[in-house]
Amino acid sequence: MAENEIVLETKLVGDIEGNFFIPSYQRGYRWDIEVIRLLDDIYANKENNYCLQPIVVKKKNDVYEVVDGQQRLTTLYLIYQFMSKENSFFPKPKFSITYETRKNSAQFLQNINMEEAEKYIDYWFIAKAYRNIENWFRQDLQMRVMKMFEYLKQNVKIIWYEVLDNTDAIALFSRLNIGKIPLTSSELVKAMFLSRASNIDREKQDEISLQWDEIERELHNDAFWYFLTNDTKQSYSTRIDLVLDLIAGENANSRDVYATFFAFDKMLHEDKKTWQEVWQEIVQTFLVLKDWFEDHELYHKIGYLIAADVHPLYKIFNSSRNLTKDQFKDFLNKEIRESVILSQKSYIDLSYENQTDCKSISRLLLLFNVESVRCIDDCAQRFPFDKFKYHNKQKVMWSLEHIHAQHSKIPQDEKLWKGWLSLQLPSVKTVAADNIKLIEEIEQALALPHISRSKFEDLQQIICNVLSVDQSVEYLHSIFNLALLNMADNAALNNSTFDVKRNEIIKMDKKGQYIPFCTKMVFLKYYSASNETQLHFWTDADRKAYVKAICSVLSPYLKEAEIIGGEVL
């Protein structure tokens, strides 16, 4: 169905009029508690504008076939019926409703009686809804009737979505109800520009349609999309919704699914903006986001603030308004610094064993990774926020990985014991090739049908000692010994020594698995001086070189003392 085959507008409930027909392909009336919820919401909203979801109709001759929204429409009719019966000052509904499945439905709605209601299940639900309406109003009858009539006449609107009479109504109904694909805010906003009611000439409508589709296409570049948002649940049915939300001042978590559409409707009808002004704002907002994406510095700094959950996009976007580019960069630098600064401790005092400390260390290491990539001289590399957030249609979960697990926890079952021994064996053969006895003991244990817990514990202790260059433990859970790793990869490497993890991470990298830049550099001994490097061990010199690199890269945001306190590197 082309957009220019519809009429789209907002309409006050008090202005609804005409004859409405509910076809047989729709289920009968079934609202129950929803009736009370609607009355409560309207009444609590008072004189503020209140907007209901779409009523989709197809007009033929003088009758509107209701494709979607018959529950809301019937409920509104019942509310008007009650108010007019209680006080003749208030008029009856300006519209009528007939259900195809019930010949006398129009008469029943005008004069609800319980004897008739007992015959049909849909009549029974209508009668029950009417009783709910009666009970709600009688809590304060005169005041509620008077106020509700005023609100429906002056403040409560519906989205009126009218299609041409040659539209396949059953197919549209199936899409909106059976397929559970509702009209979205972006679909409705687009229809505002392209519908017959807009009075925009066809040539300009075609131009808008092409530009709209181009914006949507560009936002489907995952590198662009996941720079802008952490939404890995695919909450947006169309990605241009994100742009519209920014303009409307709404975010995806708004309780009203059509809040963005109503914001645009207000711009055109209450704020008296022209459609050219509104369309230009959509295009300009998209171009701002695209400029951020293409600017190497802005991409990394904004991307970090979003990825680290410091600020969502809409807060950054709102803060950017009325700022020069230099002022905006100053703002970003300030927000980055505040995101990692600690109130009392230095990072060296934080521990992996404390959950709150883990969050602080993780955020610092994320910034270390992002800034390390950003500061590569030729600007050819970019931190891949899409790979960092989303892989194989699933959200990627990150955790802190011990670079060297010197004192490993005991795995829980025999399969894990043998798996652990298998991982360590190649490193033992490399590092302790002359320890024939240990190598034979490991191979014999792996060949046994069963291995006892005590035998595994003995071997584990010996292996950890052989693959550890020293026995100090004070650094074990500190930033000296932690890096970011995908939780799935972390689970596979858990409790392994440095050389084992190094070999496995190199294998992962060769297979194309995403390893954060600084995590990869740690295991390749990138930060260590060549004359101090012992390839198979994570030494004190390696640890200090690693933290010194963190201090250097993050110096624009943190002083060295804020990272290492009084520690001497």
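Residues are numbered from 1 along each chain as its sequence is written, and side-chain values use heavy atoms, with hydrogens and water left out. In this predicted model, local features need pLDDT of at least 70 and side-chain atom pairs count only at pLDDT 80 or more, while totals for chains, interfaces and linings use all residues.

**Cysteines**

The structure contains zero disulfides, a disulfide being a pair of cysteine sulfur atoms within 2.5 Å. For cysteine 358, the closest cysteine sulfur is that of cysteine 518, 18 Å away, which is too far for a bond. Cysteine 518 is likewise in no disulfide, and its nearest cysteine sulfur, in cysteine 375, lies at 10 Å.

**Accessibility**

The table gives relative accessible area for selected residues. Buried means under 20%, exposed over 50%, and partly exposed in between, with a 1.4 Å probe and protein chains only.

| Residue | Relative accessible area | Class |
|---|---|---|
| Cysteine 358 | 17% | buried |
| Cysteine 518 | 2% | buried |
| Asparagine 322 | 82% | exposed |
| Lysine 525 | 6% | buried |
| Threonine 285 | 5% | buried |
| Asparagine 155 | 7% | buried |

Helices (H or I, at least four residues) and strands (E, at least two) are DSSP runs, numbered from the N terminus. Two packed helices are described by the angle between their axes and the distance between the axes. Axes are lines fitted to C-alpha atoms, for helices over the stretch in contact, and angles run from 0 to 180 degrees between N-to-C directions.

Helix α14 spans residues 296-307 and helix α16 residues 325-340; they pack at about 40°, with axes 10 Å apart. Their crossing is left-handed, that is, the near helix is turned anticlockwise from the far one by less than a right angle. Contact means heavy atoms within 4.5 Å. On the α14 side, Glu297, Leu298, Lys301, Ile302, Tyr304 and Leu305 take part. The residues of α16 in the contact include Phe328, Leu332, Ile336 and Val340. By class, the contact has eight nonpolar, two polar and five charged residues. Here Ala, Val, Leu, Ile, Met, Phe, Trp, Tyr, Cys and Pro count as nonpolar, Asp, Glu, Lys and Arg as charged, and the others, Gly among them, as polar.

**Positive phi values**

Most residues other than glycine have a negative phi. Asparagine 322 has a positive phi near 65° and sits in the loop between α15 (313-320) and α16. Lysine 525 has a positive phi of about 60°, and its loop runs between α24 (517-523) and α25 (540-553).

Threonine 285 belongs to helix α13 (residues 275-294). A polar atom of its side chain lies 2.8 Å from the backbone oxygen of glutamate 281. A polar contact is a pair of N or O atoms within 3.5 Å; within protein, one must be able to donate a hydrogen and the other to accept it, and residues adjacent in sequence count only if both atoms are side-chain atoms. Leaving aside neighbours within four places in sequence, threonine 285 is in contact with Val243, Leu246, Ile247 and Phe317.

Asparagine 155 lies in the loop between α6 (141-154) and β6 (156-163). Its side chain reaches the backbone oxygen of glutamate 47 at 2.6 Å. Leaving aside neighbours within four places in sequence, the residues in contact with asparagine 155 are Leu12, Lys46, Glu47, Asn48, Asn49, Tyr50 and Glu150.
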